[in-house]
Amino acid sequence: MEEGVIRCRLDLLLRLVDTTTGMATEENDARFYLDGKLVEVHYKGGGNYILMNSGRENGLMQIEVYGFEPYSIKVDYEALDPILPAIDVFLIPSENTPKGESLITLEGRLSGLSAVETIHPGRPVTSIREFDAKKCTMTVFQPNRRVNMTDTYYGLLNVEKNTFEDLIVGDEVADKKVKLRKPIEEEFSPNAPIFRILYGRVNEDGTYLLRVRDDGKNLNYLVKYIVNGEARYKQIDFHQLDGVVLD
């Protein structure tokens, strides 16, 4: 009797992230469409969904997850890792969340806008100790506990300039040390604080949506937005949004 051989190929990994927490979503009620056609996905936990043996065709991926705003992204395999093609999907909770959590929304339109993100300067995750440019590894301080920096996206704050640089964590290589996907380019001061980055959404016409959770505490965020390729910053108190726009 001939032995059968079953071959499986991972064609796409989709990592779903809640923009208001910077952490993986826990919701598994999701549907995925490629160019309007429903595609079969497999939920692997931790916000990870995979497409197996589906064929690597470029197209528009539309994602519908219960409790979140619909999301669309272009899938371009030429721009992805050929071995493990992966896309990070930043989902914005809908205003009527299943758990009834209170949210605050900043929205508007700005010509030339391409991206918007924010950190909360009052909620650091850790702080930087040193950066090895040759190995692209960053060592952090953790005086009282083990620091988990596997949520991928963080901002390194420049306190003097009130700006921050995006950090993308690849792997945790040792206790208190992580490997970054790209080097740190800006100068930083010793013990500079590190924060989770929360992402907003920008459409092609410059309309934007940035939403944060109202936990009743200080909601004074530092917002970074890219206009015509230039980074701009604005300190915004989400408890006082009357008349506040990105400009």
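1. Start with Thr 19. Thr 19 lies in the loop between strand E1 (10-18) and strand E2 (23-24). Like everything below, this comes from a predicted model. Is Thr 19 buried or exposed? Thr 19 counts as buried, because its relative accessibility is 2% and the cut-off for buried is under 20%. Setting aside residues up to four places away in sequence, Thr 19 touches Phe 90, Leu 91, Ile 92, Pro 93, Leu 198 and Tyr 199.

2. Ala 30, Phe 32 and Leu 34 form the covered face. Arg 31 and Tyr 33 form the uncovered one.

3. E3 pairs with E7 and with E4. With E7 the pairing is antiparallel, over five bridges. There, Leu 34 has Met 61 as its bridge partner. Strand E4 (residues 37-39) also runs antiparallel to E3, joined by three bridges. On that side Leu 34 stands opposite Lys 37. Two residues lie between the strands of the E3 and E4 hairpin, where Asp 35 takes a positive phi near 55°.

4. Next, the nonpolar cores. The largest holds 20 residues. Which of them touch the most other members? They are Leu 12, Leu 14, Leu 16, Phe 32, Met 61, Ile 87 and Val 89. A second, separate core has 18 residues, including Val 116, Val 212, Val 223 and Val 227.

5. Leaving aside neighbours within four places in sequence, Leu 12 is in contact with Tyr 49, Ile 50, Leu 51, Met 61, Val 75, Tyr 77, Leu 80, Pro 85 and Ile 87. Among these partners, Met 61 and Ile 87 are also listed with Leu 12 in the largest core.

6. Lys 74 is found in strand E8. Lys 74 counts as exposed, because its relative accessibility is 64% and exposed means over 50%. Beyond four places in sequence, Lys 74 is in contact with Gly 59, Leu 60 and Glu 204. Ser 127 is 53 residues away along the chain, and the two C-alpha atoms are separated by 35 Å.

7. Now the largest pocket. Its space is about 690 Å³. The lining has 23 residues, and the closest to the centre are Tyr 71, Ser 72, Ile 73, Arg 201 and Val 202. Strands E8 (71-75), E9 (86-91), E11 (113-119), E19 (201-202) and E21 (220-227) each supply at least two lining residues. What is the make-up of the lining in nonpolar, polar and charged residues? Twelve are nonpolar, five polar and six charged.

8. E19 also belongs to an open sheet of three strands. The order is E10-E20-E19, with antiparallel pairing. Strand E10 (103-109) and E19 stand at the edges. Each has a single partner strand, so one side of each is left without a neighbour in the sheet. E10 pairs with strand E20 (residues 207-213) over seven bridges. Within that pair, Glu 107 stands opposite Leu 209.

9. Two hairpins share strand E15. Strand E14 (residues 153-158) and strand E15 (residues 163-174) pair in the antiparallel sense over six bridges. Here Tyr 154 stands opposite Leu 167. Four residues lie between these strands, and Asn 162 in this hairpin takes a positive phi near 55°. E15 then pairs with strand E16 (residues 177-180), again antiparallel, over four bridges. Ala 174 has Lys 177 as its bridge partner. This hairpin has two residues between the strands, and Lys 176 takes a positive phi near 75°.

10. Last, Met 149. Met 149 sits in the loop between strand E13 (137-141) and E14. Met 149 is buried, because its relative accessible area is 2% and under 20% counts as buried. Outside four places in sequence, Met 149 is in contact with Thr 126, Met 138, Val 140, Tyr 154, Val 169, Val 178 and Ile 194. Met 149 and Asp 171 are 22 residues apart along the chain, with their C-alpha atoms separated by 8.8 Å.

Conventions: Residues numbered from 1 in each chain as written. Predicted model: local features only at pLDDT ≥ 70, side-chain atom pairs only at ≥ 80, totals over all residues. Heavy atoms only, no water. Pairing = 2+ DSSP bridges. Buried < 20%, exposed > 50% of the residue type's maximum accessible area, 1.4 Å probe, protein only. Contact = heavy atoms within 4.5 Å. 1 Å grid on protein atoms, 1.4 Å probe; cavity = no way out; pocket = protein on both sides within 12 Å on 5 of 7 lines; lining within 4 Å. Points joined across faces, edges and corners; volume = space filled by probe spheres on them. Nonpolar A, V, L, I, M, F, W, Y, C, P; charged D, E, K, R; others polar. Core = buried A, V, L, I, M, F, W, Y, C linked by side-chain atoms within 4.5 Å.
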